[in-house]
Amino acid sequence: MQTPTLHGPGEGDWYQFLAGRNRVLAGRKATDGAMSIIEFEAPAGFGPPPHIHRLEDEMFYVLEGSASFWCDNEEVTYEAGGFCWLPKGLPHRFEMGPEGGRILQITTPAQFEDMIADYGFPIAADEHPEPEPPDVARLVEVCERYQIDLLLP
């Protein structure tokens with residue numbers, strides 16, 4: 001039997017992942033594998049390389065700032081209140097706008113929070129580590145474990 005997951009402001013499991021701070025609100029255990037719900041904040045210009053999720057659909061709701069999204073030859077830029085759904089199997093990427101921002105990310109089914117924990121590292125809710133350049137070889141290896149194909153040049 002599932003039980004509710006309750007997090008007040010700032011509560012949850014925090015991770016530094018790539019250049020962003022990620023707060024896992026719900027994941028595999030809480031949702032019985034149905035979805036991952038993650039709030040992340042990232043600096044201006046942050047964005048992962050183009051990639052394809054083989055297992056999960058990905059949804060983004062812009063909470064603060066702005067972000068541009070590319071998926072299957074479509075491009076949109078949204079400020080707070082914008083939403084996009086990026087289906088599995090399609091190449092996509094996103095990039096934070098000039099002021100950076102905060103986004104709610106939902107992936108279904110769950111597993112993305114595991115990838116964040118695998119590549120990133122735990123931080124305190126009030127901790128703001130300086131972003132480090134990604135370890136590309138390690139990122140490729142971790143993504144492969146979660147059936148995410150990075151489309152590197």
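The model is a predicted one. A search of the whole structure finds zero disulfides. Helices H2 and H3 pack with their axes 10 Å apart, and a cis peptide bond joins Thr108 and Pro109.

**Cysteines**

- A disulfide is a covalent bond between the sulfur atoms of two cysteines.

**Gln105 in strand E8**

- Gln105 is placed in strand E8, which covers residues 92–108.
- Is Gln105 buried or exposed? With a relative accessible area of 3%, Gln105 is buried.
- The side chain of Gln105 makes a polar contact of 2.6 Å with the side chain of Glu58.
- Beyond residues up to four places away in sequence, Gln105 touches Ser36, Ile37, Ile38, Phe40, Glu58, Met59, Phe60 and Phe112.

**Glu99 in strand E8**

- Glu99 is also placed in strand E8.
- Which residues are in contact with Glu99, leaving aside its neighbours within four places in sequence? They are Ala44, Gly65 and Ser66.
- With Ser66 there is a polar contact, in which the side chain of Glu99 reaches the backbone nitrogen of Ser66 at 2.8 Å.
- Glu99 and Gly27 are 72 residues apart along the chain, and their C-alpha atoms are separated by 28 Å.

**Helices H2 and H3**

- Two packed helices are described by the angle between their axes and the distance between the axes.
- Helix H2 spans residues 112–119 and helix H3 spans residues 136–145.
- The two helices pack at an angle of about 150 degrees, with their axes 10 Å apart.
- That angle makes H2 roughly antiparallel to H3, because angles over 145 degrees count as roughly antiparallel.
- The crossing of H2 past H3 is right-handed.
- On the H2 side, the residues that meet H3 are Met115, Asp118 and Tyr119.
- On the H3 side, the residues are Arg138, Leu139, Val142, Cys143 and Arg145.

**Backbone features**

- Most residues other than glycine have a negative phi, and most peptide bonds are trans.
- The peptide bond between Thr108 and Pro109 is cis, with omega about 0 degrees.
- Pro109 is placed in the loop between E8 and H2.
- Asp72 has a positive phi, near 50 degrees.
- Asp72 is found in the loop between strand E5 (57–71) and strand E6 (74–79).
- At 42% relative accessibility, Asp72 counts as partly exposed.
- Gln147 has a positive phi, near 55 degrees.
- The loop that holds Gln147 runs between H3 and strand E10 (148–150).
- Gln147 counts as partly exposed, at 32% relative accessibility.

Methods: Residues are numbered from 1 along each chain as its sequence is written. This is a predicted model: local features need pLDDT of at least 70, side-chain atom pairs count only at pLDDT 80 or more; totals for chains, interfaces and linings use all residues. Side-chain values use heavy atoms; hydrogens and water are left out. A disulfide is a pair of cysteine sulfur atoms within 2.5 Å. Helices (H or I, at least four residues) and strands (E, at least two) are DSSP runs, numbered from the N terminus. Buried means under 20% relative accessible area, exposed over 50%, partly exposed in between (1.4 Å probe, protein chains only). A polar contact is a pair of N or O atoms within 3.5 Å; within protein, one must be able to donate a hydrogen and the other to accept it, and residues adjacent in sequence count only if both atoms are side-chain atoms. Contact means heavy atoms within 4.5 Å. Axes are lines fitted to C-alpha atoms, for helices over the stretch in contact, and angles run from 0 to 180 degrees between N-to-C directions. Angles under 35 degrees count as roughly parallel, over 145 as roughly antiparallel, 65 to 115 as roughly perpendicular and the rest as oblique. A crossing is left-handed if the near helix is turned anticlockwise from the far one by less than a right angle, and right-handed if clockwise.
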